[in-house]
Amino acid sequence: MKFIDRSKVPVPEVFKSNRYFRAKEKMESFFKHDYKQSRFEFDASVWLRAREDIINLFDRKCAYCESPIGHTSTGIIEHFRPKSTVIDLDGTQSDGYWWLSYEWNNLYLSCDVCNRHKRNKFPVDGKRARNNESLSSESYLLVDPCRKEDVLSAGFYYDNKGRIFSRARAYFVQFIAQRILVLCNRRTNPLFLAFAFDLEHHTHIA
Ligand SMILES: [Zn+2]
């Protein structure tokens with residue numbers, strides 16, 4: 001997976017606009033209350049106005065499988081951490097990362113296929129960050145293409161017992177495994193493929 005350096009594209013103007021601040025204010029006031037009573041309508045125009053910047057940031061390629069956008073897909077702006085509902089490895093659902101809905105750093109470019117497979121999946125190992133909590137201590141299980149450590153280490157990390165795990169596990173098992181055929185056909189990265197097949201059969205390594 002290729003590392004995407006987000007600093008190469010300046011934060012789009014829409015994230016400094018009244019539209020952004022108004023949308024954010026409305027969202028925050030909604031989620032302060034008993035928001036499970038009704039469903040919040042996010043203002044998609046905020047991220048849609050950043051569409052060209054997102055496409056440029058990801059070099060017109062899907063953030064997950066690197067398929068060129070425009071060949072088989074027009075490209076979907078996707079929230080890396082899902083905004084409304086989130087699904088864990090065991091299929092349990094909980095509230096999404098609503099407070100990141102309008103955040104530039106949470107917007108990724110996805111092809112139709114990866115978007116369809118990923119949907120609201122965002123498995124974590126241990127505690128999930130809740131309402132505005134910091135994300136730094138969250139052990140997410142997907143490989144983040146915008147995080148150098150994830151890309152360089154192929155998503156390996158140590159747990160508190162010193163065991164080595166791979167973020168890629170959930171990534172492959174849950175949706176990238178379904179993309180292997182596509183990747184095989186492209187024959188772009190045999191090492192990546194060997195790794196993918198290996199991880200499909202191992203919960204953790206060592
Ligand atoms: Zn894709």
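Author: We'll go from the overall picture to single residues.

Author: One thing before we start. This is a predicted model, where local features need pLDDT of at least 70, side-chain atom pairs count only at pLDDT 80 or more, and totals for chains, interfaces and linings use all residues. Residues are numbered from 1 along each chain as its sequence is written.

Reader: What is the mean pLDDT of the protein chain?

Author: The mean is 77, and 70% of the residues reach 70 or more. pLDDT is the predictor's confidence in each residue, from 0 to 100.

Reader: Where is confidence lowest, and where is it highest?

Author: Helix α8 (residues 190–200) is lowest, at a mean of 40. Helix α2 is highest, at 97.

Reader: Which residues have pLDDT below 50?

Author: Residues 168–175 are one such stretch, with 26 contacts in the model beyond near neighbours in sequence. Residues 177–206 also stay under 50, and there the model has 29 contacts beyond four places in sequence. Two residues are in contact if their C-beta atoms, placed from the backbone, lie within 7 Å. Where pLDDT is low, the predicted coordinates should not be read in detail.

Reader: How many helices and strands does the protein chain have?

Author: It has 8 helices and 8 strands. Both are DSSP runs numbered from the N terminus: helices are H or I with at least four residues, strands are E with at least two.

Reader: And how much of the chain is buried?

Author: Buried residues make up 30% of the 206 residues. A residue is buried if 20 or more other C-beta atoms lie within 10 Å of its own, exposed if 12 or fewer, and partly exposed in between, with C-beta atoms placed from the backbone.

Reader: Which residues touch the most other members of the largest nonpolar core?

Author: They are Ile54, Phe58, Cys62, Ala63, Leu107 and Leu109, out of 26 residues in that core. Two or more residues each come from α1 (18–32), α2 (45–48), α3 (51–57) and β4 (107–110). Another core, of 6 residues, lies apart from it and includes Phe122 and Leu141. A nonpolar core is a set of buried Ala, Val, Leu, Ile, Met, Phe, Trp, Tyr and Cys residues joined through C-beta atoms within 7 Å.

Reader: Now Tyr102. Where does Tyr102 lie?

Author: Tyr102 is in the loop between β3 (93–95) and β4. Tyr102 counts as buried because it has 24 C-beta neighbours inside 10 Å. Leaving aside neighbours within four places in sequence, Tyr102 is in contact with Tyr20, Ala23, Lys24 and Val46. Tyr102 and Val46 are 56 residues apart along the chain, yet their C-alpha atoms are separated by 6.8 Å.

Reader: What about β4? Which residues are on each side?

Author: Leu107 and Leu109 are on one side, Tyr108 and Ser110 on the other, and all are buried. In a regular strand the side chains alternate between the two faces of the sheet.

Reader: How many bridges join β1 to β4?

Author: There are 4, and β1 (residues 76–79) runs antiparallel to β4. Two strands pair if DSSP finds at least two bridges between them. His79 stands opposite Leu107 in β4.

Reader: Back to Ala63. What is Ala63 in contact with?

Author: Beyond neighbours within four places in sequence, the contacts are Ile4, Phe58, Tyr108, Leu109, Ser110 and Pro145. Ala63 sits in the loop between α3 and β1. Ala63 and Pro145 are 82 residues apart in sequence and 6.6 Å apart in space, C-alpha to C-alpha.

Reader: Last one. Which phi does Asp59 have?

Author: Asp59 has a positive phi of about 50°, although it is not a glycine. Arg60 is not a glycine either, and has a positive phi of about 60°. Asp59 counts as partly exposed because it has 14 C-beta neighbours inside 10 Å.
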